Amino acid sequence: MKFSENWLRGWVNPQVSRDELVARLSMAGLEVDSVTPAAGQFSGIVVGEVLSTEQHPDADKLRVCQVSNGSETFQVVCGAPNVRPGLKIPFAMIGAELPGDFKIKKAKLRGVESNGMLCSAAELQISEENDGLLELAADAPVGEDVRVYLDLDDASIEIGLTPNRGDCLSVAGLARDVGALYDVPVTRVQVPAVAAAHDEVRPVEVLAPAACPRYLGRVIRNVDLSRPTPLWMVERLRRSDVRSIDAAVDITNYVMLELGQPMHAFDLAEINGGVRVRMAEEGEKLVLLDGQEVALRSDTLVIADHARALAIAGVMGGEHSGVSATTRDIFLESAFFEPISVAGKARSYGLHTDASHRYERGVDSQLAREAIERATGLLLDIVGGEAGPVIDVTSEADLPQVAPITLRAERLTQMLGMEMASAEVEQLLNGLGLKTTAGEGQWQVEVPSHRFDISLEVDLIEELARLYGYNRLPVRYPQARLAPQAKAEARGELPALRRLLVARGYQEAITYSFIDPKLFELFSPGVEPLLLANPISSDMAAMRASLWPGLVKSLQHNLNRQQDRVRLFESGLRFVGQLGDLKQEPMLAGVVCGSRLPEGWANGRDTIDFFDVKADVEAVLGFSGSLAEFSFVPGKHPALHPGQTARIERDGREVGYLGAIHPELSKALGLDRPVFVFELVLGEVADGRLPKFSELSKFPEVRRDLALVAGRDVASSSVLEVIRDNAGEWLTDLRLFDVYQGKGIDPDRKSLAVGLTWQHPSRTLNDEEVNTATQNILTSLEQRLNTTLRK
């Protein structure tokens, strides 16, 4: 909001400089965005009167003027199109200095002497209008300093208000805060009731009292809108960034800026019958003041007559019912609209007005009567006319009610970190218009209607801190027993797992927990999704039961932007079941596609496969030292390829899945290359075992390589498990280093090459011990898995 500093000081005038006032407003939460002088720096410019004009002898566009400063007459050559006899204008005499250090000297223009300069608003940096001279009022005192006459030792101050401070969208509201900040009296404008000069009224019917609890109207007859708006009002509006239009509109804007009550003036001749405040009919047409035709929705509150809609309530009036130069009688409106009923309506029609800005944030529900009396008085003073009685339709039950609030001294001290004297508490709150009643260690506070943002004890404490000064509050560091917390060393924390995956070439993704129900069905067919009651959009209506849909959507986004090698992982919750038995489980998931290694001259171009991703998963599972407890077994999942799916188990419990996206699912998603995914229960992955130290042996290792022939369907993990069970306690390493199927091997069997390493901690193992262990292994393999030594 912008306002004139002098206008504010007319209400409340603390004896501080402009800079101090601006700094104090910002510290009180009314942040000042800019301070703009009302005019540039100039001197020697007075109110002048053009006595006569005649054509310049050598220039068609110049005129030779005789200008009076009240005591002398000067000849001035001027090229402005609006110069004429009788006009009063800013007259820069010889010696005057204009903005930009431009000094006025005697000069000749096309051979004619000119003793001064007649000025436009732009030349004085009052505004950007440069299409002619600045025309002053006909009663402007000739010879008076223009800076004094126009009150130009002023500034336009712009403040950025938070949405809860709608009470400060007026000079009255700002004055109230400034008065409380400096403990100085506020001189509120006196608004006497205007007596009715006639009995004409228009009946008012409020059909939506919840949306419009209070509506006031008044008929004013025989106004003369050809009369200009007084210069003092035009200037105050201009410095508040409001353009002058005509006297009726200017007065309603002025009252809005002064008191905070938006108003509207209708042309009485355009109102058919009475006024009806109702909800719009679906598709009802209305041409607004800006010329835009809108199709109204049924949730929009309108001001209408008995035939048509006249205005969108709290937003903008209609073109056909607005006042014009030919208007003789007006219907003046002052109403309170419930903020929720108005919120968002202006934006939904592509509009934003000063009225909607205020109504959406809240307007004093008790202000409408004072505002209509103030506007009536100004109208009668400026454009004349005869006022009728005020029609007041109020639904007391629908007006906002605020219960008294208890403010405890103990709570105040706790929140502010200091004790505040009772007298100071009462002074600050009373300065805002709040009524306080002191009790034992507490106050009962009655909140006025203009502070609709205060409803809780903490709101009062915030007001006290704001007025007292945030910069004056003591700085105290929190005191608490901060003993070190025990950390489970056997647990692999999520940040460490993230770093591990990043080190293996993955990038972390963060996706929405809400997904498209259609995508949910693709990944979890036959499962009922948990649907949101009020989704952001239709494609974000279901809670995810897996992290895969979001990751695959991110994969698609990257592939569509020429990113061929993608490795993404995410940690987050999955939501399984319905509200009654909803299970929220932290998961760790990943998606991979593209080449095995980044593009480079030393790297191959092999595409990533199942076992590459399995190696990444094993790195995660083994991070906490418990890899041996996990096993990969063939599994089935509706979203995964039947032949490339592994169920991951830990001690027989399912803890995740790994595999390639099912071909049909890939086709449905538009994926034209192999894509691998994994998903793990984070709690199971993080739990590990505490590492134990064992001394390194000084004695040599003994290694045996065995070529075994096993059935084609025998899992290599089963072979390794049997070897581990029979190799004895000194086995230190066991690895599968080759798998062969082909020439020399039965088609129904395969050859597995394994390497076994033994090492004793205190002596050298002999051949007999190693051979015995090897024989035990071969015997058990043959008995349990029909696996023999290759010959």
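The model on screen is a predicted one.

Show the secondary structure around this residue. Thr-353 sits in the loop that runs between α8 (345–348) and α9 (354–361). Which residues does Thr-353 touch, leaving aside those up to four places away in sequence? They are Gly-314, Val-315 and Met-316. Now display the side chain of Thr-353 and the backbone of Val-315. A polar atom of that side chain is 2.8 Å from the backbone oxygen of Val-315.

Next, colour the chain by domain. The domain assignment lists domain 1 (2–32 + 160–182), domain 2 (43–150), domain 3 (204–394), domain 4 (405–472), domain 5 (494–684) and domain 6 (702–789). Domain 1 is given as two segments, 2–32 and 160–182. Select domain 3 and domain 5 together: their centres, taken over C-alpha atoms, are 58 Å apart.

Move to Glu-49, in strand β3 (residues 43–55). Is Glu-49 buried, partly exposed or exposed? Its relative accessible area is 24%, so Glu-49 is partly exposed. Select its contacts, again not counting residues up to four places away in sequence: Gln-66, Val-67, Ser-68, Gly-86, Leu-87, Lys-88 and Val-142.

The last stop is the largest pocket, with a volume of about 1500 Å³. To find its centre, select Lys-614, Glu-618, Phe-632, Ser-716 and Ser-717, the closest to that centre of the 36 residues in the lining. Where does the largest pocket lie relative to the domains? Domain 5 (494–684) and domain 6 (702–789) both contribute lining residues, so the pocket lies between them.

Which element gives the most to the lining of the largest pocket? Helix α20 does, with seven residues. Finally, colour the lining by residue type: 18 of the residues are nonpolar, eight are polar and ten are charged.

Conventions: Residues numbered from 1 in each chain as written. Predicted model: local features only at pLDDT ≥ 70, side-chain atom pairs only at ≥ 80, totals over all residues. Heavy atoms only, no water. 1 Å grid on protein atoms, 1.4 Å probe; cavity = no way out; pocket = protein on both sides within 12 Å on 5 of 7 lines; lining within 4 Å. Points joined across faces, edges and corners; volume = space filled by probe spheres on them. Helix = DSSP H or I, 4+ residues; strand = E, 2+ residues; numbered from the N terminus. Nonpolar A, V, L, I, M, F, W, Y, C, P; charged D, E, K, R; others polar. Domains from an automatic or database assignment. Polar contact = N/O pair within 3.5 Å; in protein donor to acceptor, adjacent residues only side chain to side chain. Contact = heavy atoms within 4.5 Å. Buried < 20%, exposed > 50% of the residue type's maximum accessible area, 1.4 Å probe, protein only.
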